[in-house]
Amino acid sequence: MIADRLEGLGPRIREHARACETALERGDLADAESRLEKALAAAPGHPELLRLCGLSELFNGRTENAVALLQKSMSARPGDALVVANLGTALAQRGHLDAAERAFRRATELDPMFVDAWFNLGRALDLRHDAAG
């Protein structure tokens, strides 16, 4: 697991990233996007900011953009179970259940204690009518 998801960012950008994550959790997409815009202006390629931007796109129904951003984040952090699971969620929402299943399986390999990844793997299998996996 990534020890510090915001490593390499200055204090102000970290503040925006944390506030963005909180805004996403409470469903305030406008605040999240505003915070992300400020953070990305200073660090456009940072993997955690790309992940948050991908989630924002996902929550706004822009799943194609979400997949692309989460793939960029995953390229920078291929061993990050959270990023891989988030990508799985975006793929599932796009209807790419096989790719989503692979992502969720990979996330559970990276972090066997990651309950959300296991849950989402089960959902993907159920949607494919393959609960035996």
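**Terms and their grounds**

Mentor: Helix H1 (11-26), helix H3 (47-59), helix H5 (81-93) and helix H7 (115-127) each give at least two residues to the lining of the largest pocket. This is a predicted model, in which local features need pLDDT of at least 70 and side-chain atom pairs count only at pLDDT 80 or more, while totals for chains, interfaces and linings use all residues. Residues are numbered from 1 along each chain as its sequence is written, and side-chain values use heavy atoms, with hydrogens and water left out.

Trainee: What makes a set of points a pocket, and which residues are closest to the centre of the largest pocket?

Mentor: On a 1 Å grid over the protein atoms alone, a pocket is an open set of points with protein on both sides within 12 Å along at least five of seven lines, and lining residues have an atom within 4 Å of a point. The largest pocket holds about 240 Å³ of space. Its lining has 16 residues, and Arg51, Leu55, Leu82, Asn86 and Asp116 are the closest to its centre. H3 supplies the largest share of this lining, 5 residues.

Trainee: How do you know that the span of H7 agrees with that of a helix?

Mentor: The expected span is 1.5 Å times one less than the number of residues. The 13 residues of H7 should therefore span 18 Å, and its end C-alpha atoms are 18 Å apart, which agrees.

Trainee: Which residues of H7 are called buried, and why are they said to line one face?

Mentor: Buried means under 20% relative accessible area, exposed over 50%, and partly exposed in between (1.4 Å probe, protein chains only). The buried residues of H7 are Ala117, Asn120, Leu121, Ala124 and Leu125. Seen down the axis of H7, they fall within an arc of 140 degrees, so they line one face of the helix; the arc is that of the directions from the helix axis to the C-beta atoms. On the other side of H7, Val115, Phe119 and Leu127 are exposed.

Trainee: Why is Phe59 called partly exposed, and what is Phe59 in contact with?

Mentor: Phe59 lies in helix H3. Its relative accessible area is 44%, so Phe59 is partly exposed. Contact means heavy atoms within 4.5 Å. Leaving aside neighbours within four places in sequence, Phe59 is in contact with Leu24 and Leu29.

How values were computed
1 Å grid on protein atoms, 1.4 Å probe; cavity = no way out; pocket = protein on both sides within 12 Å on 5 of 7 lines; lining within 4 Å. Points joined across faces, edges and corners; volume = space filled by probe spheres on them. Helix = DSSP H or I, 4+ residues; strand = E, 2+ residues; numbered from the N terminus.
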